[in-house]
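I opened my notebook for another look at a model, and these are the entries I kept. Come along and check them as you read.

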Amino acid sequence: MPTPITSVVNIKMLLLLLLLQLYVGIAINAQTQQQTDTARTVVVAQNIFDLPHSLAFAQYLLDSQQFEAAIAEYERAVFMQPTNDSIFLQLLKAYELGQQYQQGITRCQNKYPNARAMPPEIAAQYGKLLLRLPNFANLDTLLNKPTRLLPLDEFYLQGGSLLLQQKWQEAEQYAASALVAAQPVHPLANQYHTFALKGQSLRYKSPALAVGMSAVVPGLGKVYTGNWQDGLIAFIIVGSNAWQAYNGFSKKGVKSVNGWIFGSLATGFYFGNLFGSHKAAKTRNHKTKHALMRQIENTCFGFDGYMP
């Protein structure tokens with residue numbers, strides 16, 4: 001019969017074996033889990049660099065206005081599928097949104113040395129990059145050579161080019177011909193026509209006339225340009241200094257200190273008034289033209305509805 005001591009030893013051995021078995025089981029499970037996690041990590045690491053994930057990430061970068069990173073991601077996607085025109089189109093749009101117009105133009109020219117080989121949507125986006133740069137010479141070359149440009153895209157580029165070059169009469173005739181044509185009308189045709197008419201009706205102020213008017217009556221040239229407050233101030237300043245100079249010379253002749261002081265001030269303000277009138281006319285003309293050009297740019301560059 002086993003002694004009590006022997007029984008205790010056997011129990012301890014049994015417990016030790018159970019603990020050892022439990023430890024080995026835990027270690028094996030941990031190793032298996034680690035291998036599984038590693039395998040999953042490898043799979044994930046591989047998947048996030050595949051084409052669908054790359055395109056989704058590139059779109060996210062584009063939406064969050066991280067244009068440099070979006071361009072790099074689209075470039076990688078193009079490298080994976082160089083024949084996919086839709087991916088290349090997104091790359092060109094990323095160049096446009098990132099205001100890297102010349103880089104986008106160069107990238108397109110490198111891929112398609114012959115403009116005839118450009119798919120219609122690529123040719124349209126290439127033309128838009130030329131319009132935004134602007135590079136009207138290359139855009140005219142694109143429009144005047146046989147390409148796969150769709151008629152509506154051609155109208156968008158040609159009409160926009162004429163307007164941005166301020167060729168108002170040509171733009172008006174071009175838009176008017178499209179409006180009366182039997183073919184489908186571009187959504188911007190009416191706006192192009194309106195802009196061309198506005199351009200033809202612009203009325204500029206003559207800087208020479210403004211100077212001449214202010215030479216006769218100080219400040220009158222500024223009133224002519226629409227700055228009547230400045231004109232009134234110029235008239236008061238020049239007039240008051242001239243009167244003080246006249247009053248001083250009338251009393252003491254050429255020995256009048258006040259006459260010379262106020263006479264010098266009057267002369268300085270008088271010539272400053274002439275210069276200011278010339279500048280006011282040019283500023284008024286710039287603002288008048290700039291306001292219309294800003295409307296044209298917002299309309300042309302904000303349009304992204306290329307027609308199928």
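**Entry 1: the loop with P134.** I found P134 in the loop between α6 and α7. I took helices (H or I, at least four residues) and strands (E, at least two) as DSSP runs, numbered from the N terminus. The peptide bond that joins L133 and P134 is cis, with omega at about -10°.

**A note on the model.** This is a predicted model, so I kept to its limits: local features need pLDDT of at least 70, side-chain atom pairs count only at pLDDT 80 or more, and totals for chains, interfaces and linings use all residues. Residues are numbered from 1 along each chain as its sequence is written, and side-chain values use heavy atoms, with hydrogens and water left out.

**Entry 2: α6 against α7.** α6 and α7 make an angle of about 155°, and their axes are 8 Å apart. Axes here are lines fitted to C-alpha atoms, for helices over the stretch in contact, and angles run from 0 to 180 degrees between N-to-C directions. That angle makes α6 roughly antiparallel to α7 (under 35 degrees counts as roughly parallel, over 145 as roughly antiparallel, 65 to 115 as roughly perpendicular and the rest as oblique). From α6, the contact takes in A123, Y126, G127, L130 and L131, and from α7 it takes in F136, N138, L139 and L142. Contact means heavy atoms within 4.5 Å. By class I noted seven nonpolar, two polar and no charged residues. For the classes, Ala, Val, Leu, Ile, Met, Phe, Trp, Tyr, Cys and Pro count as nonpolar, Asp, Glu, Lys and Arg as charged, and the others, Gly among them, as polar.

**Entry 3: the faces of α7.** Which residues of helix α7 (residues 136-144) are buried? I listed F136, L139, L142 and L143. Seen down the axis of α7, these fall within an arc of 115°, so they line one face of the helix; the arc is that of the directions from the helix axis to the C-beta atoms. Exposed A137 and N144 sit on the face turned away from the buried side. Buried means under 20% relative accessible area, exposed over 50%, partly exposed in between (1.4 Å probe, protein chains only). The cover over the buried residues of α7 includes α6 (120-132) and α8.

**Entry 4: L164.** Next I went to L164, in helix α8 (residues 151-164). At 12% relative accessibility, L164 counts as buried. Leaving out residues up to four places away in sequence, L164 touches L131, F136, M293, I296, E297 and F301. M293 is 129 residues from L164 along the chain, yet their C-alpha atoms are separated by 7.2 Å.

**Entry 5: α8 and α9.** I then followed α8 to helix α9 (residues 168-180): they pack at an angle of about 155°, with axes 8 Å apart. α8 and α9 are therefore roughly antiparallel. The α8 side of the contact has E154, F155, Q158, G159, L162 and L163, and these meet W168, E170, A171, Y174, A175 and A178 in α9. The classes here are eight nonpolar, two polar and two charged residues.

**Entry 6: two positive phi values.** Q166 lies in the loop between α8 and α9, and its phi is near 60°, a positive value in a residue other than glycine. At 30% relative accessibility, Q166 counts as partly exposed. Q99 also has a phi near 60°; I placed Q99 in the loop between α4 (85-97) and α5 (101-111). At 59% relative accessibility, Q99 counts as exposed.
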